[in-house]
Amino acid sequence: DAHATTVTIATVNNGDMIRMQGLTDDFNEKHPDITLEWVTLEENILRQRVTQDIATNGGQFDVLTIGMYETPIWAAQGWLVPLDDLGEDYDADDIIPAMRAGLSYEGTLYAAPFYGESSMVMYRTDLFDEAGLEMPREPTWEQIAEFARTLTDKDAEQYGICLRGKAGWGENMAFITTVANSFGARWFDEEWNAQLDSPEWLEAVTFYNDLMADAGPPGAATNGFNENLALFQQGKCGMWIDATVAASFVTNPNDSEVADSVGFALAPDTGRGKRANWLWAWALAVPSGSDATDAAKQFIAWATSKDYLELVASTEGWSNVPPGSRTSLYKNPEYAQVPFAEMTLESINLADPGNPTVDQVPYVGIQYVAIPEWQGIGTSAGQEFSNMLAGQQTPEEALARAQELVNEEMEAAGYR
Amino acid sequence: MATKASKSAARLMMAPAVTLLLGWMLVPLTMTLYFSFADYRPLRATFEPWIGFDNYVRFTSSSSFWDAVTTTLVMVGSILAITVVLGILLALLLDKPIFGQGIVRILIISPFFVMPTVSALVWKNMMMDPVNGVFSHVSRFLGATPHDFLTQTPLFSIILIVSWQWLPFATLILLTAIQSLDGEQLEAAEMDGAPPLKRFWHIILPHLARAITIVILIQTIFLLAIFAEIFVTTQGSFGTRTLTYLVFQRVLESQNVGLGSAGGIIAVILANIIALFLMRAVGKNLDA
Amino acid sequence: MARAVSTRTRFAWTALAWTIAFLMFFPILWTVLTSFKTEAEAIASPPSVVAFDWTLENYGVVQERSDYMRYLWNSIIIAGGSTLLGIAVAIPAAWAMAFVPGRFTRDILMWMLSTKMLPAVGVLYPIYLICIELGVLDNRAALVVILMLINLPIIVWMLYTYFKEIPGEILEAARMDGANLRSEILYVLTPMAIPGIASTILLNFILAWNEAFWTLNLTSVDAAPLTAFIASYSSPEGLFFAKLSAASTMAIAPILILGWFSQKQLVRGLTFGAVK
Amino acid sequence: MGHIKLNQITKSFGDVEVIPPLDLTIENGEFAVFVGPSGCGKSTLLRLIAGLEDVSSGHIEIDGRDVTDVPPAKRGLAMVFQSYALYPHMSVRKNIAFPLHMAGMDQAEQQRRVERAASVLNLTDYLDRRPGQLSGGQRQRVAIGRAIVREPAAFLFDEPLSNLDAALRHGMRMEIGELHQSLSTTMIYVTHDQVEAMTMADKIVVLRAGVIEQVGSPLDLYREPRNLFVAGFIGSPTMNLIEGDEARKHGAHTIGIRPEHIVPGDPDGAPWSGTVGLSEHLGSDTFLHVHGTGLTESITVRADGEVPLRHGDRVGLTPNAERIHRFDQAGLRIA
Amino acid sequence: MGHIKLNQITKSFGDVEVIPPLDLTIENGEFAVFVGPSGCGKSTLLRLIAGLEDVSSGHIEIDGRDVTDVPPAKRGLAMVFQSYALYPHMSVRKNIAFPLHMAGMDQAEQQRRVERAASVLNLTDYLDRRPGQLSGGQRQRVAIGRAIVREPAAFLFDEPLSNLDAALRHGMRMEIGELHQSLSTTMIYVTHDQVEAMTMADKIVVLRAGVIEQVGSPLDLYREPRNLFVAGFIGSPTMNLIEGDEARKHGAHTIGIRPEHIVPGDPDGAPWSGTVGLSEHLGSDTFLHVHGTGLTESITVRADGEVPLRHGDRVGLTPNAERIHRFDQAGLRIA
Ligand SMILES: Nc1ncnc2c1ncn2[C@@H]1O[C@H](COP(=O)(O)OP(=O)(O)OP(=O)(O)O)[C@@H](O)[C@H]1O
Ligand SMILES: Nc1ncnc2c1ncn2[C@@H]1O[C@H](COP(=O)(O)OP(=O)(O)OP(=O)(O)O)[C@@H](O)[C@H]1O
Ligand SMILES: [Mg+2]
Ligand SMILES: [Mg+2]
């Protein structure tokens, strides 16, 4: 109808999203009948708000920014609108297959990836040169640990490695789970028994804990992605293993003091067959309670289109284009010049959500377990590991308590 | 005043406030009570209206419950102790002849106006950050290694933040109370041979008893509900998970509404037990 | 104790008081200072206190990202509306309690206060469902009502203590002078209690302004106040200290300034008739 | 106008009967004073008349109209409270105009009446001040002003002078007296101050525990107290009361003699004698407290200011026989 | 013990000199009363003696010892405050024992002294109550109790009775008088109540604006006021002051005659005459306000309680010639 439709978008306050907010003029030009309202929130608050709203069918938002974890679960509940009709020129087949798989439920796409990521090693080439070290393309954990300890000089506020420690299923648990995967550990056996009491877990967690104690920054137990990013940009970290999207921030000379001396490598492994890299996408979805479904879809089609990537490239440069969502981007010769492009794609392609670790598991998800209880489990367990990192308990204690918590939760949820 | 007409008018006048609050209390509380006996997990599309006391048993038998109760008591108790003790000292100081008293008062009251989220953010990032925080700058300046407040002394840090916010409140109430003390009483005590410390102990402190109970009552009401400070700083880790926060995690993070509701009901009961004691004390002090 | 205080002692007290006041105020001061730095200067070590290039850039960035005025306006409406509505409901109730006390007056008062003990997280789900049912999510009027209900006990209590200090004889005089109940409250009681009512309004305005749970959970766009504004600034990625400082400053400045100007009134309000 | 009649009224607070059935008539234009010890129900009685309290039973008539269930505002009475009960936020002008404003009188008429009341009460210069800026006496006058503008059927005063200091009290007493003479409206005045009662009243109502002990003119009560209670209550210093043999000599159970009716003198030949205990020299008078008379513990005597007697002196006392009051066993006056 | 000597003491608050240089000696065991209008410096003087204020210059001696720089607690004085300044949270017992507790006296001795003080003051039954549960008079006694347990060299009272009602005031006045007789400790008593000053004092100190106008026994002041100020201040109702021809006849600028020294009578042949304005009948006395005498606006006369004069009657006035006070231009008494 003639009235302007309002689309309320709940989104997270990270750089790509905020950039998108700045580019809405382009959308408005193309769709003068649609008004966009932005609700930008910090990640934890966003998740809480969005979950609350969708679980109660509150209908406050027309577009949700959600992750790979929520999409299949919510889709299974019928809470999301299928996105298989975003228009002819949308070219859904161009979406990187791993992403598309992760954001689909029973073969139908329910959330369109805005950007996708895996994780990798980012390191300071200048420091490595200075110390006479060389980072292999495919490092092992052993090598990483050695480098980290060598590079650490706490008096000079130089820390060998920065890793996530802040409690949260999307914070430290994401990282620790990938470490555990690469050490051959798993969350559950095929009967949904928690496996945190396994020797693999102990090995992985002990390794992580010791490494952070020796070579991590102070306060690592409260450092999440953002804190580590700030540290790395300030030049305080020798290495940082985290999301591939960080690459564009650390190489951006406006924000980063070390922009011209960052190198990249694949996430490490232990030689047991799995690398410690995850797969994640921030995606846009439409809740079924929305009263502006069509307008919302038009917005999503715009925001996740190839054109949008070009738009960003033209205003902000190729290195600031949201990565990891479309195959065509990586085929673009201009984008190929971006230093981290290839490493990002390779990391993404290495990830296999169906087979996250060495052994078989009954669940999907690499750095998470795609069941509704995961948020609770992940956060509770994350707190135990955070406490451990803060020196309040040993890895054994942390694992024992996490094991107990997880079993309690699973029992209540009726898995056993 | 006590004519029939005024009595019935009084009933009429109280009606809106009482009805509104009764509704505000009863409707959500009844629903929460109902949920607390249900297995209600929206993310699983589970809704089973009656599962008995399972939620209560699970909530209270989980090890986090008692930890949370202890944390809550320690946190609230410490903040009360800090704000009351420092509040008294500050009030005594402000009662002295001071140049620029107005400005001093404005500076001291300011933290009270800062919204909890902002105050937590400011303390976490600007003050306590182990790398960029002011404290770390200071300790580096003094040649010490920066203390990592939020991980090494998390509970203390939150207590510090919240105390900072509430100290002005305590100070101002206590200051007004001190200023209301009849000067002749102090003079009488002086004539009776009481030195300053004894005057404080025997005259000023008892005079403050009423104000102190008010401070404790009001602060307890607000402190039991502390949320933003924890959410922003530690997210409940490192032993800073209060009962309120635990309920939050159950309801919103785990989306286990039944379990969380049971926790909510338990929190209401515990809060009211504490309140009952306080109200008794205040009631007595208000009559006196 | 009108004995002369030696100027030296006075200076000593002054120095001590100013030191403490400075320490109390320091976090706010530091935040405000940082908001005028560039991100690089904000993390410089050692930090510079005033000798940096003052810039308004952060405010520009924040304003560009979020329309500050809209949040501010919502804060004013919600905090102001809930306070005024609360006062309107509370005045009659406090009148009744103070001047026609019955056997249960004290119990009712204490009960009202005890409703404040309801943990918000515990009833979020029911309230959210009710709001959906009534179609008032992200609705300023709904928030006005909810915050009013939250603060009503405190408002009633404060007004009650003020009213109790007003001699009943004055109201009786008005009655003898021919005033009906409405005139009695409108022309005599309310104007007489203006200092008390003013401080009640102030305190509750501040409490409502800073209320962060309901305002955050029940709003998205139309009704989002400054508490929601600041929620998008906690730990964004990259260097954010200066921007966070600017956003924080913007979030607290209005209430801080209001508080400073009305400090005297407020102090009286804070005392709850606890002290005479 | 202003004939007030109380018909078997009673008042109980909860279980406590503060006023047992009581009848009283106050004539039009009369200045009636209620006196009695603290807590005897003076204020309660006044408030019942005003309508600020409901009677528990009985009827109140004003000018023949039954007003028992009429709200205070409609009874046509004005009241001056002990605390003055001025409206602190209004100027004097507004205070005085308030009842007129409430009655919906038009502005011009309000102004006229306020000006007139103010000029009667010497308040014209203060009309724009707030009560807080006035002295005690001026506040008192504003309270009266607020009462008189309404031209009420009767004025009710509840201890209106008790907050003033002695000098001011004296002045205001005279002013209220003059006001009564010029307006000749009925006034009911509660006090526990003797001097006020004696100097102002046309009719004094002496109350004890809600019961009327005596009603009469001041000098009636002074000269012929109906019982021991009234005898002891009226007069300052109080009447000396003597029981025993001396009383029996006069054919009474108790006799009373006021301090001013005893002449001190030479102990020889005087009917009574004793030693001076405390003597209070006021300059104009000396009050002697004489012990050891064998009549009662101490007899108070009013003597001349210049009397040369001191502590420990022997003194003879001669009562004025005509002024001896006689009371029977039940405390009632023997005529 | 209790000889207090003020030597050229002065006191200024900022630039305002409240007490100009002042000398005063109070003898051991004396009951000295400071009177004077409000704000004349009575309390200030008392507080200087107590040590609650520092003197600006001059010296204070107590029993020959210079205590100018000694803190209040060490001067050995006890003070009773106008507001009583009882400690509201302590029982009567604790209140009274407080100074002893502060002095570190042992429990048994404290108890003994408290009991003794309580029995002197009739407080034994109230020892376990809080001050809030006591009547005004009882509180007053507790305040005195707290003073006497210390067995001080002197008691200082600052308007201790001004919060009490008339009847109680009378009783307490007598109690303090008796206390003074039994303890015979020096007492300094501030009041602005005439009757208190006249009946209690051995020596009255009349102050005006910090200056001593006259020091003497009550009757000295009554009989021979040194100047107009004292003449007007002492005596109630106040002395009639007459200027002009009538005064010149007596060789003075002003003459004064007290109401009780004028005899009302037949207008014929009386030196003065006028018409009765208001007459106040107290029973025992009648105060006549006589207008139109040509001497001054109104002359107050004390007449007998039974005097038959009423408003508007002509009356003749005969002053007692011996009792006429004469004052010169400067207001000083002409001997
Ligand atoms: N609202 C009330 N509830 C219960 N008892 C009351 C109330 N008002 C008065 N009384 C009681 O009624 C009695 C008479 O009180 P009232 O105030 O009339 O005395 P009063 O003669 O005016 O005394 P005073 O001279 O002290 O003013 C007292 O015993 C009092 O305690
Ligand atoms: N602390 C002070 N600062 C300034 N001026 C003061 C102070 N205390 C008293 N004064 C002034 O000193 C003068 C004497 O005061 P003081 O209290 O001694 O009077 P007073 O005779 O006791 O009066 P009252 O009968 O009203 O109690 C007054 O003018 C008063 O204003
Ligand atoms: Mg009364
Ligand atoms: Mg004084």
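Over all chains, the structure holds 80 aromatic pairs, and because this is a predicted model, every value given here is computed from it. One of these pairs is formed by Trp201(A) and Phe385(A), whose rings are stacked with centres 6.3 Å apart and 5° between the planes. Trp201(A) belongs to helix α9 (residues 199–215) of chain A and Phe385(A) to helix α17 (residues 374–389) of chain A, so the pair ties together parts that are 184 residues apart in sequence.

**Aromatic rings in chain A**
- Trp201(A) counts as buried at a relative accessibility of 0%, and Phe385(A) is likewise buried, with a relative accessible area of 0%.
- Phe299(A) and Trp302(A) form a tilted pair, with ring centres 5.8 Å apart and planes at 40°.
- Both Phe299(A) and Trp302(A) are buried, and they lie 3 residues apart, about one turn, in helix α12 (residues 293–303) of chain A.
- Ring pairs also link Phe299(A) and Trp302(A) into a cluster with Phe27(A), Trp38(A), Phe114(A), Tyr115(A) and Tyr308(A).

**Charges over rings**
- In chain A, the charged end of Arg326(A) sits over the ring of Tyr90(A), 4.8 Å from its centre.
- In chain E, the charged end of Arg146(E) sits over the ring of Tyr87(E), 4.5 Å from its centre.

**Chain B**
- Leu22(B), Leu26(B) and Val27(B) form a nonpolar surface patch with about 220 Å² of accessible area together.
- Val27(B) is placed in helix α1 (residues 4–36) of chain B and is partly exposed, with a relative accessible area of 41%.
- An unreviewed UniProt entry places the feature "domain: ABC transmembrane type-1" at residues 69–278 of chain B; this span is 77% helix and 0% strand, and its end C-alpha atoms lie 18 Å apart.

How values were computed:
Residues numbered from 1 in each chain as written. Chains lettered and ligands numbered in written order. Predicted model: local features only at pLDDT ≥ 70, side-chain atom pairs only at ≥ 80, totals over all residues. Heavy atoms only, no water. Patch = residues over 30% accessible without salt bridge, like charges linked within 9 Å, V, L, I, M, F, W, Y side chains within 5 Å. Areas by Shrake-Rupley, 256 points an atom, 1.4 Å probe, with all protein chains shown as cover. Salt bridge = Lys/Arg side-chain N within 4 Å of Asp/Glu carboxyl O. Helix = DSSP H or I, 4+ residues; strand = E, 2+ residues; numbered from the N terminus. Buried < 20%, exposed > 50% of the residue type's maximum accessible area, 1.4 Å probe, protein only. UniProt positions renumbered as here; feature names shortened; annotations may be inferred. Phe/Tyr/Trp six-rings, centres within 6.5 Å; stacked < 30°, edge-to-face > 60°. Lys NZ or Arg CZ within 6 Å of the ring centre and 35° of its normal.
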